[in-house]
Amino acid sequence: MSHDKRVALHRGASSSSPYPVSRLAPAFDSGELAAEVAKAEAMLSARTGAKLRVIADQIRLLQQEARKVLAEAREEQALTQARCAFRRIPGHTYHLYRKADGAPFFSMLAPEEWGGASPDEFLGSYRLESDYSWTPAQRADQPDDTSELVSQLLRIGGLST
């Protein structure tokens with residue numbers, strides 16, 4: 001194939017030609033080209049590996065969070081299923097005890113209100129929240145910054161006045 005035929009086959013600027021179109025063009029060294037391709041593939045592999053490691057770390061964190069959520073749900077379910085001889089009212093604190101047969105139950109009486117010694121094993125005190133979740137009494141006085149955070153996000157997003 002002569003030089004003239006190759007030039008005729010390529011339509012476009014000589015700088016975009018996949019092969020030299022002039023005798024003055026730099027010669028292609030297949031070894032250098034192979035080395036460049038290998039370098040590009042190595043870089044691609046490194047970038048892909050790094051991205052996959054980030055995703056794997058995120059998966060591990062999500063798995064940990066899922067285990068935590070499930071553990072909290074089991075605990076909440078156990079509290080919700082505890083026997084109770086009165087109507088539960090959100091905002092009130094109730095005291096959890098265990099009978100001799102192992103059955104948990106809620107009482108309105110705190111351990112110190114039993115007149116010296118409670119007849120059953122005390123397990124803890126919990127406040128019933130408005131969404132019917134339970135907050136341990138020792139954390140009930142801690143401020144819940146979640147609602148403040150949501151309010152701030154709504155203000156930033158222009159969704160709240």
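Visitor: How many helices and how many strands are in the protein chain?
Guide: Four helices and four strands. They count as such because DSSP gives helices as runs of H or I with at least four residues, and strands as runs of E with at least two, numbered from the N terminus. From that end on, the order reads α-α-β-β-β-β-α-α. Bear in mind that this is a predicted model, so local features need pLDDT of at least 70 and side-chain atom pairs count only at pLDDT 80 or more, while totals for chains, interfaces and linings use all residues. Residues are numbered from 1 along each chain as its sequence is written, and side-chain values use heavy atoms, with hydrogens and water left out.

Visitor: What makes E3 and E4 a pair?
Guide: Two strands pair if DSSP finds at least two bridges between them. Strand E3 (residues 121-128) and E4 have three bridges, in the antiparallel sense, so they pass that cut-off. Arg 127 stands opposite Thr 135 in E4.

Visitor: What about E1 with E3, and E1 with E2?
Guide: E1 and E3 are antiparallel over six bridges, with Tyr 94 opposite Tyr 126 in E3. Four bridges join E1 to E2, also antiparallel, and Tyr 97 has Phe 105 in E2 as its bridge partner. Both counts meet the cut-off, so both are pairs. E1 and E2 form a hairpin with five residues between them, and Gly 102 in the turn has a positive phi of about 95 degrees.

Visitor: Why are E2 and E4 called edge strands?
Guide: The four strands make an open sheet in the order E2-E1-E3-E4. Strand E2 (104-107) and strand E4 (134-136) each pair on one side only, and that puts them at the edges. Neighbouring strands of this sheet are turned by 40 degrees against each other on average, direction ignored.

Visitor: Which helix packs on the sheet, and what does "touching" mean here?
Guide: Helix H2 (residues 30-81) packs on the sheet and touches strand E1 (93-98), E2, E3 and E4. Touching is a matter of contact, meaning heavy atoms within 4.5 Å. The direction of H2 makes about 100 degrees with that of E4; axes are lines fitted to C-alpha atoms, for helices over the stretch in contact, and angles run from 0 to 180 degrees between N-to-C directions.

Visitor: Why is Glu 129 called buried?
Guide: Buried means under 20% relative accessible area, exposed means over 50%, and partly exposed is in between (1.4 Å probe, protein chains only). Glu 129 has 18%, which is under 20%, so it is buried. Glu 129 lies in the loop between E3 and E4. Leaving aside neighbours within four places in sequence, Glu 129 is in contact with Pro 90 and Thr 135.

Visitor: Which other residue is found in that loop between E3 and E4?
Guide: Tyr 132 is found there. Tyr 132 has a positive phi of about 65 degrees, although it is not a glycine.

Visitor: Why is Ile 59 called partly exposed?
Guide: Ile 59, found in helix H2, has a relative accessible area of 44%.

Visitor: How many of the residues count as buried?
Guide: Of the 161 residues of the protein chain, 17% do.
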